[in-house]
Amino acid sequence: MQPIIRAFCASTLAVAASLSFADAPMDGPQNTRAGWHAAIQSGYDLLAEETTQLAEHASSYCTAPDEQLRAQLEQHWRDAFMAWQQVRFVDFGPVENNNLAWQFQFWPDPKNLVARKAGYLTNSDQPITADLIEQSGVAVQGFPMLEYLLFDEALSNSKNALPAPHSCALLTTVTRHIAENSKQLSDDWHSFKTPYLNTEAYQVSTLKSAMAALEILEEKRLAKPMGLRGNGKRNPYITDAWRSGTSALSVEATLRGLQQHFLPEFLKLLEQKGEAPLAQRIQRQFEAALDNFPGADRPMATLLSDDNAFRTLQGLYVDVSQLTTLFNDQAAVALGVVRGFNSSDGD
Amino acid sequence: MTALFRPAPLAITIAATLSTGCAFTNTAAQPEPVTKASVVTHYADVAHANYQDALITAKALDKATDQLIANPTEANLQAAKEAWLAARVPYQQTEVFRFGNTVVDDWEGQLNAWPLDEGLIDYVKADDYQYELGNAGATANIIGNTRVNVGGETLDTTVLTPELLANLNEIGGSEANVATGYHAVEFLLWGQDQHGFEQGAGERPVTDYATGSDCTNGNCERRGEYLDAVTDLLVTDLEWMVAQWAPGNENNYRSELTNGDVNEAVQKMLFGMGSLSLGELAGERMKVALEANSYEDEHDCFSDNTHNSHYYNGQGIQNVYTGTYRRVDGSLVSGPSLSDLVEANNPELDARLNAQLDASMKALGQLKAHAESSDNPMAFDTMIAPGNTEGAQIVNNAIMALVEQTGSIEQAARQLGIEALSPDDAGHAF
């Protein structure tokens, strides 16, 4: 889950920002943030674009369902979901409003709440409206619900399989909800530029968001399903996107998102601090981690059950671990980032 | 079983009370100045007293369930439920010792693991039972079967002993396979909660423990054996933990903690407070349940006692900061505290954190009051129902109060020279 302490910090910071720092010339850290702002904006814009396409294709498919439209729809789900993975690391600012991050992706879902909620909605006589989705909680409102409708095996063999009317209604309403949220996020991020540039504390928020994302990637999205933590058993169901077989692809997308939207300014920052060798190592480590693909682009269930595939996954895990260490130990110390509590401290 | 009131806790209580008393009187000798070392020692005293209370109330629970098994009447079932509720009061306060103290974290799963797939233990109504994905043991029904096979592991469950149940924990590698602890007992007393967001907890009939033809849902004798074994195990487990915190033993955890690096010990105290406050209580236990409207994420789902679990978690956090603990017999344990240390360096921060801890207790108190209201009760699972704005507000207030206090806990850590709040390298070794 995304850290929640920042919900409180951000609103305080936004107020502070509007009271101070008017029209001053940009300093070094402001330049860094200007770079981050633009990069993240491009990521949010892509998300808005992909989710609009997804909503349109959901509507086309449900109006006149056929195999070709279905295949296109599934591909659009993948594209939109990967666009979200690329900006998923941003855990401060507008994405905190109305728990947008959780709305996009409620995860982990150990109790299969998504399936339970879908069953409840598709089996009830209540018409599926935008208002109903609004009130139905984060397990209904995001990509995992669409993934369930599109890819769940048990569902696809049942009477509720797409394009059953209620399932189609749920599909199209949720895609519109996601598209609206994405548009809102992109607009809000645009308006957020001034407070973001003028508030020094966002420097650390941005650094910490990338560090937390890598930690979640290493621990929750790789180590845990691989059985390297806790009881030592491999379990594909605790990764995200297991239904569509895109768990590993989504890891790649998160890494690419960090590389595109966060890394360039981060490397400059390290160089300014006289840490050019560390910057180079981090850049190389990113490339090493991404080199595991496309070999690792397989469903997590396959990666965990096949010994050869598992070795590929281990390679990816080791690369991500090293990256996390470079970030969270060495770079954090070099940049004086002190990490506090976050919501993943629980169990 | 009879509860053992040992002399040790009493002596500590009196000594602690006297020394605090002395601090405020002019006639007595000057008290020892508060140091990190004295704060850590007193922290161990508080933990010891708290675990002793957990043990005392667990023994009372064990006794009450023994009576229920011997004589399954409504009154005895009610008495057992009340004993369970009473046992949760001290135990939930001990959870603040969990994060940071690996000796507790490694041990607590056997006592308080949650959520659990109750179909492992006993019968469930299948159409309203959601279990953890990929859990091969979710419907094993140990009470109903003398052999269980979970994901290739076959176990003989003919004789239900405490050792057997301990071994069945996490069978098949799923953390949701919880065969033991408070929530297993809770399920055996209340049964599955089939009310969803509606008012009402589990409704297990007392005849589930009846003999002969009065027995409902089958296997009543085995159900009694299970309940007996699982409550015995709870008592033994708590005895072990009390011993870990007892003074005068060179080889226990208390000795390791108080003789180790004092800054590391202070870090553990603050880490425990912050982790329980933010990640666990505000996050996992409240925000996830609320935002997903998920009663499956409700903490004490069979008994609808979640409000008290949350309330006493919050109390535990305050206990550690203020160095005070109200024992189940009403006596007060108090002594040198983190609050004293912070106050000496930064009285403003100390006052703020104390006010925030009070505010959190007030917000959690609201949650408890609404759940326990006699005329219009609203339990936690009703508060988190879709569209319940009043309920959501109550839960959100508690979340926000906990989030705010966590910010000050971080500041208190820095004030005391503790920079890194990550516990050891737990979970990062590879």
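Modeller: Before we start, two residues are in contact if their C-beta atoms, placed from the backbone, lie within 7 Å. This is a predicted model, where local features need pLDDT of at least 70, side-chain atom pairs count only at pLDDT 80 or more, and totals for chains, interfaces and linings use all residues. Residues are numbered from 1 along each chain as its sequence is written, with chains lettered from A and ligands numbered from 1 in written order.

Colleague: Happy with that! What is the mean pLDDT of chain B?

Modeller: pLDDT is the predictor's confidence in each residue, from 0 to 100. In chain B, 90% of the residues reach 70 or more. The mean for chain B is 87.

Colleague: Which residues is Ala184(B) in contact with?

Modeller: Ala184(B) is among the residues with the most contacts inside the largest nonpolar core, which has 213 residues. Such a core is a set of buried Ala, Val, Leu, Ile, Met, Phe, Trp, Tyr and Cys residues joined through C-beta atoms within 7 Å, where buried means that 20 or more other C-beta atoms lie within 10 Å of a residue's own. Leaving aside neighbours within four places in sequence, the contacts of Ala184(B) are Leu116(B), Ile121(B), Val178(B), Ala179(B) and Val230(B).

Colleague: How many of the residues of chain B count as buried?

Modeller: Chain B has 430 residues. The share that counts as buried is 54%.

Colleague: And how many helices does chain B have?

Modeller: Helices (H or I, at least four residues) and strands (E, at least two) are DSSP runs, numbered from the N terminus. Chain B has 4 strands, and its helices number 14.

Note on methods: Buried ≥ 20, exposed ≤ 12 C-beta atoms within 10 Å, placed from the backbone.
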